[in-house]
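Subject: The structure for you to look at

Hello,

Here is the structure I promised to pass on to you. Please open it beside this email and follow along as you read.

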Amino acid sequence: MRTLILNAGYEPLAVVSDRRALILVMAGKASVLAGVAGHPVFGIGGMWERPSVIILARYVRVPMASGVPLTRRGVLRRDGHRCAYCGKSANTVDHVQPKSRGGADSWDNLVAACVTCNNKKADKTLREMGWELPFAPRQPHGTAWMVRGMERPVPQWSDYLAA
Ligand SMILES: [Zn+2]
C-alpha cells in the first residue's frame, strides 16, 4: 500500500509505503487525512487506520528538482491514455522523432500511442507517414507531477491532487 504525503501547506510531497507513513503519524509528525477503510494496522498504542493520505505537522522546505521525472506512465497520464495519432485508447509510448534517428527520450518527443499506430509508424518520422500531432508534447506542470509515484494515483488521493 502506498501513502501520499502532503506538506503542511497541502502540496503533494512524496509517495511512501503506508508503513513509513504510519511511523510519521505515530511519532506525531503527521496526521491522517484519508484512510483505507477496513484495513486497520496494529502498531504502537493499539489499532491505527491505514493511511492513504497524511499531512505533515510542520512545513518542510524541499528543493524542487529542475524537471519532472520522465516516465512511461507519466507520458500516458499526460496524454490521457489516448493515442496521439488516432485518438484511440493507448497503452504504449512512441518516440515522435524515432530514437534510431536521433530522437530524444524527453517529454517533447514522447507521446501516448496505441499498439497499431506504434507498429505502423515504427522508425519513420511524422512527415514520412504524412501524420500530424494534434498538440505539441510538453513537460507537464504542477507540483503533483514533481513527485515520484504520482503516475499511479489511487482514488483516495484525488481530492488532494487538484494542483
Ligand atoms: Zn493510434
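Below is what was found in it, topic by topic.

One thing to keep in mind from the start: this is a predicted model.

**The two domains**

Let's begin with the overall layout. The chain is divided into domain 1, made of residues 2–64 + 143–160, and domain 2, made of residues 72–129. Their centres, taken over C-alpha atoms, are separated by 33 Å. How many residues of each domain are in contact with the other? On the side of domain 1 there are 4 residues, and they are in contact with 5 residues of domain 2. The size of an interface is often given as the accessible area lost when the parts come together. Here domain 1 and domain 2 bury about 500 Å² between them, and 69% of that area is on carbon and sulfur atoms. If you look for salt bridges across this interface, the rule finds 0.

**The zinc ion**

Next, please find the zinc ion. Which protein atoms are its donors? They are the SG atoms of Cys-83, Cys-86, Cys-114 and Cys-117, lying 2.3 Å from the ion. Along the chain these donors follow the spacing C-x2-C-x27-C-x2-C.

Why is the arrangement around the zinc ion called tetrahedral? The 4 donor atoms subtend angles of 103 to 116 degrees, and that makes the arrangement tetrahedral. As a reference, the ideal angle for four tetrahedral donors is 109.5 degrees.

**Salt bridges**

A search of the whole structure finds 5 salt bridges. I will walk you through some of them.

Take Arg-50 and Asp-18, whose side chains meet in a salt bridge at 2.7 Å, N to O. This pair joins distant parts of the chain, with Arg-50 in strand E4 (residues 46–56) and Asp-18 in helix H1 (residues 18–26), 32 residues apart. Asp-18 counts as buried because its relative accessibility is 11%, and the cut-off for buried is under 20%.

Asp-94 and Lys-121 also meet through their side chains in a salt bridge, at 2.9 Å, N to O. They too link distant parts of the chain: Asp-94 is in strand E5 and Lys-121 is in helix H3, 27 residues apart. Are these two buried or exposed? Asp-94 has 4% relative accessibility and so counts as buried. Lys-121 counts as buried too, because its relative accessibility is 0%.

Another salt bridge joins the side chains of Asp-79 and Arg-78, at 2.7 Å, N to O. Asp-79 is at 11% relative accessibility and therefore counts as buried. Arg-78, at 19%, counts as buried as well.

**A residue in helix H3**

While you are looking at helix H3, please find Asn-118, which lies in it. With a relative accessible area of 17%, Asn-118 is buried. Which residues does Asn-118 touch, not counting those up to four places away in sequence? They are Thr-92, Val-93, Asp-94 and Ala-113.

**Two positive phi angles**

Finally, have a look at the backbone. Most residues other than glycine have a negative phi. His-81 is not a glycine, yet it has a positive phi of about 55 degrees. You will find His-81 in the loop between H2 and E5. His-81 is partly exposed, with a relative accessible area of 40%.

Ala-122 is not a glycine either, and it has a positive phi of about 45 degrees. Ala-122 lies in the loop between H3 and helix H4 (126–129). At 41% relative accessibility, Ala-122 counts as partly exposed.

I hope you enjoy exploring it.

Best wishes

Terms used. Residues are numbered from 1 along each chain as its sequence is written. This is a predicted model: local features need pLDDT of at least 70, side-chain atom pairs count only at pLDDT 80 or more; totals for chains, interfaces and linings use all residues. Side-chain values use heavy atoms; hydrogens and water are left out. Donors are N, O and S atoms within 2.8 Å of the metal (3.2 Å for Na, K and Ca); water is not among the atoms, so sites may look incomplete. Four donors count as tetrahedral if all angles lie between 85 and 135 degrees; four count as square planar and six as octahedral if opposite donors are over 155 degrees apart and all others between 65 and 115; anything else is irregular. Helices (H or I, at least four residues) and strands (E, at least two) are DSSP runs, numbered from the N terminus. Buried means under 20% relative accessible area, exposed over 50%, partly exposed in between (1.4 Å probe, protein chains only). A salt bridge is a side-chain nitrogen of Lys or Arg within 4 Å of a carboxyl oxygen of Asp or Glu. Domain bounds come from an automatic or database domain assignment. Contact means heavy atoms within 4.5 Å. Buried area is the accessible area (1.4 Å probe) that two parts lose on being put together, summed over both.
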